[in-house]
Structures are given as structure tokens and as C-alpha cells.
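Keep the sequence and the model side by side while reading.

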Amino acid sequence: MLAIVDYGVGNLYSLSSALKALSVQHCIAKTPEELHMADRIILPGVGAFADAARKLRQSGMQEALVEDVGAGKPVLGICLGMQMLFEASYEYGRHEGLGLIPGEVCPLIDDIEPGLKVPHIGWNRLDIVKDDPLFRYFETGRYVYYVHSYYAKRCREYTLATSDYSIPVTGAVRNGSVYGTQFHPEKSGEAGLMLLKAFVEI
Amino acid sequence: MISKRIIPCLEIRDGRVVKGVNFEGVRDVADPVEMARFYNESGADELVFYDITASFEGRKLFTELLRQVAAQVFIPLTVGGGINSLDDFDRVLRCGADKVSVNSGAIRDPSLIGAAAKRYGDQCVVLSMDIKRVDGAFHLFAKGGREDTGMDALDWAKRGVEHGAGELVVNSIDTDGVRGGFDLELLDAIAERCKVPIIASGGAGCKEDFARLFMHEGMDAGLAASIFHLKQLLIPDLKAFLRESGIEVRL
């Protein structure tokens, strides 16, 4: 059974619907016990980093998640959920992340070409830089849907795929059994569903 | 790079899709859930739903059909119409909307933009504006384009972005329903002042209109209703044409 971590951030309806469309059995985990029962985990998230990280910690789900990663369970962080897997974020000050993937989350605006809009909103091509079972049903160059103003950097060794926004924006990452996507697979049409399908089979 | 977005707009009244011409006289076109699936399969990049129902029953019908769409269609969904409070944001976000568009509600209470941006993030708040030329100036209209607020639309757009609107829908009443092309003069004036994604609305009549739109700097998306609903323009054909014209689109 797959568990979606519910720590009071964001709307899980679309993600749950996407899994349903793929006929993937899943539950919405609100307690560490429910999380421990799962064999794989999706960590969603929208909004501001500091607020979400605090809620994850206070709900007791952070500790449970880190334990499950230690036990080798596959985890997929989506959007802000991915950002929280890193060591730290610089969204309105410095905030500690879970430290499950080396790297930091920094403002796009500091690194992209002047004149480009932030947030980076819309469909962008995802270019695979390192082959992985996550891409079993996905061809490089397909479009995925992004909505974000911060991105993960200093994580080249762990980067699976990037999208061009005058710089290569970190799109998908992996460290061992811990995966993350900056884009929203549950909002990326058929291409996104195929990434979720592959994650469930990992 | 980010591709240009093609967005069909579905105006819903009592659970059915309607589309006015110059905002007067509406006619039924189709079932919204069926239509959303059709657009998803034909390559729409996003869908916008405007709830133009006034009644409580109609509103319940709307959120129910939104849930049905979000359960079947996995592309971004923007919802507007009758958004006057944070509770309204909550109501549609829980049913699977990704972005919420505010219009008259933000004119009545401009602090709604900032409050929503703070709670849900800038990316979630879309400021939608109905704009018409009055005595040589761009005026902001409220109540579905029926009421001239007397406000300068360009100032309003700028203020909206400063308060935290993450995207702008710019609907020109002058070009709406006329099918003579988007209102490029208005759109350029907005793009000069606002550095957030701009969704152009009102006036699309053929694929060349979209090509002309995207040749202008700062235009991110083109929105249209009846030409798509009546299948006078098919999205795969439109996108193939745009790509041939050197415009990046998702195929």
C-alpha cells in the first residue's frame, strides 16, 4: 500500500485521483502508525517552505518518514515535498530540511536570465540526464507542469532530469530510495501519470 | 523553455457550459465533464472554469462537477466566478482546483488578493480583469463586464501583482466575441507594467490570432471559449500551426 503524507498542507485530491486512475491502492496517512504500514510514500506539498516544514515536524510525520527512509522504503517528494528532502532552503531566511538528499533550495530569480518571469509556471520539457527506473515509461523531452519560485541546486550528483529555463532547473532527483520531482506529475497529463506508475513499481 | 499555453475556458451555469457573445445572450454547448476530457485528450494545457451561477444549488452543482473533472483530467485547473472570500478559495481548492481566479470579489475587497496569496501562495491566485476602452482609457469593469468601476485597469493590474497575484487573465470586452484577434494594444500595456504570466482572453477567431499573440513579448497563454467549443478551431491543428511558426508549444 502506498501512503500519501497528510500533514495539513495542500490539496491531496488531485494526487489521490491520479493514483486512482492508475488503479494504485493508496491511503492518506495522518499518523506515524499509518505511515509505517505503507510500503512506499509520497510527500506532497505546496505553499511556503518554513510553514510546511514546521507542520511536517509538528505532526510527528517527519520523524516517521526519516525512519521509513532508513528502512529503505521508496519515497517520492513532489514540488515543495521534494524541496523539503534537501538540507536547507533559503525561502525567506534559512530553514532546515530533512537532509535526505545533499543540496540546497535557492531562489530562481538570483540565477536565471533577467527578464524571465518568476514563478516558473507552465509546461517545460524534461530532459533526462541520468537514466533511472523512474523513466521506464517516460521519454526524454516530454513536457511536465511546473509551478515554483525556488529550485534545488548543488545537487548535480543526485539529479536525474532537468528543464531549461536559461539554466538547467533541477526537475527530478534521487538519492538511494529517495526520489523527488520539482514539477507536478499529477498535473502533467499522461506523461506525469507514467512517472507515477513507474514510481509505484520501483 | 516554458511553452506557450492554450487554454479553453468553460463558463458554467447550472452545471452546463454556456458562452456569451459580448456577454449577452448565452447558449448551451455541452456537458462540462465530457468537454474537459475532450480538451485534455486534444492537448489543452490547462482548463479554466467560470461559475456564472448565482444560486446556492447551482454552486453546489458546480463544485460537484469540478470534483468529477479533477478525478479524470490531470492538467492544471483554474476556477473562477463568485470568489469573494478565503472560504470560497477553500471550497474550490478542496474540489481539485489548482488556481483560483478572482475578479469582482477583489475589486470589492482588494485585500483578498494578499490574504489568499499568503495562505495558498502567489501561484494560486489569478487576477482576472474585464477591461474596456472608455474615452480613450482602459477602464476596469466589474460584475461580468456589466459595470464600469471607473478605475484605471492598468493601475489595477499593477496593484494586483504587488498584492500577490501570480498570474493575470486580461479579458478585453472590446474584442470579446468579435473574433478579430486578441487586443494586443491592451495586452502590451499590461505586459509592460506586470512581470507575471499573462493569459490573453477575448477575440481569438483563428489560429493566426494565436500566432500574432505569441509573437508579442510577455504573452504566456491564449484563452478562448466558443471557437474551441464549436470545434471551429481544433487544438491539435492550432498547436501544429504554432510549432511550424516557430512558437514552442507542448505537443
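In this predicted model, helices α8(B) and α10(B) are oblique to each other, because their axes cross at roughly 45°, and angles count as roughly parallel only under 35 degrees. Helix α8 covers residues 207-215 of chain B, and helix α10 covers residues 235-244. The two axes come within 10 Å. The crossing of α8(B) and α10(B) is right-handed. From α8(B), the contact draws on K207(B), F210(B), A211(B) and F214(B). From α10(B), it draws on D237(B), L238(B), F241(B) and L242(B). By class, six residues of this contact are nonpolar, none is polar and two are charged.

Chain B holds a second pair to look at. Helix α1 spans residues 32-41 and helix α2 spans residues 56-70. How do their axes meet? They come within 9 Å and cross at roughly 30°. That angle makes α1(B) roughly parallel to α2(B), since the cut-off is 35 degrees. The crossing of α1(B) and α2(B) is right-handed. On the α1(B) side, the contact residues are P32(B), V33(B) and A36(B). On the α2(B) side, they are L65(B), Q68(B) and V69(B). Five residues of this contact are nonpolar, one is polar and none is charged.

Now turn to a loop of chain B. C194(B) sits between α7 (184-193) and β11 (198-201). Is C194(B) buried or exposed? It is buried, because 23 other C-beta atoms lie within 10 Å, and 20 or more are enough for that class. Which residues does C194(B) touch, once neighbours within four places in sequence are left aside? The contacts are A157(B), K158(B), V161(B) and L168(B). K60(B) gives a sense of distance: 134 residues separate K60(B) from C194(B) along the chain, and their C-alpha atoms are 35 Å apart. 

Step back to the whole of chain B. This chain has 10 helices and 12 strands. Its radius of gyration is 17 Å. For 251 residues, a compact globule would have a value near 18 Å, so the two agree. Along the principal axes, the C-alpha atoms of chain B fill a box of roughly 45 × 40 × 35 Å. Of the 251 residues, 52% count as buried. Consider the contacts in chain B with a separation of 6 or more: 64% of these come from residues 24 or more positions apart.

Chain B also meets chain A. How many residues of each chain take part? On chain B there are 26, in contact with 25 residues of chain A.

Cross over to chain A. Six helices and 14 strands make up its list of elements. Its radius of gyration is 15 Å, close to the 17 Å that the globule rule gives for 202 residues, so chain A is as compact as a globular protein of that length. The C-alpha box of chain A is roughly 45 × 35 × 30 Å along the principal axes. Buried residues account for 51% of the 202 residues. Among contacts in chain A with a separation of 6 or more, 68% come from residues 24 or more positions apart.

Start with P119(A). The peptide bond that leads from V118(A) to P119(A) is cis, and its omega is near 5°. P119(A) belongs to the loop between β7 (101-107) and β8 (120-125).

Next comes S23(A). Its phi is near 55°, a positive value in a residue other than glycine. S23(A) lies in the loop from α1 (13-21) to β2 (26-29) of chain A. It counts as exposed, because it has 8 C-beta neighbours inside 10 Å and the class takes in residues with 12 or fewer.

C79(A) lies in the loop between β4 (75-78) and α5 (80-83) of chain A. Where S23(A) counts as exposed, C79(A) is buried, with 25 other C-beta atoms within 10 Å.

Definitions and conventions:
Residues numbered from 1 in each chain as written. Chains lettered and ligands numbered in written order. Predicted model: local features only at pLDDT ≥ 70, side-chain atom pairs only at ≥ 80, totals over all residues. Helix = DSSP H or I, 4+ residues; strand = E, 2+ residues; numbered from the N terminus. Rg over C-alpha atoms; globule rule 2.2 N^0.38 Å. Contact = placed C-beta atoms within 7 Å. Axes fitted to C-alpha atoms, helices over the stretch in contact; angles between N-to-C directions. Parallel < 35°, antiparallel > 145°, perpendicular 65-115°, else oblique. Left-handed = near helix turned anticlockwise from the far one by under 90°. Nonpolar A, V, L, I, M, F, W, Y, C, P; charged D, E, K, R; others polar.
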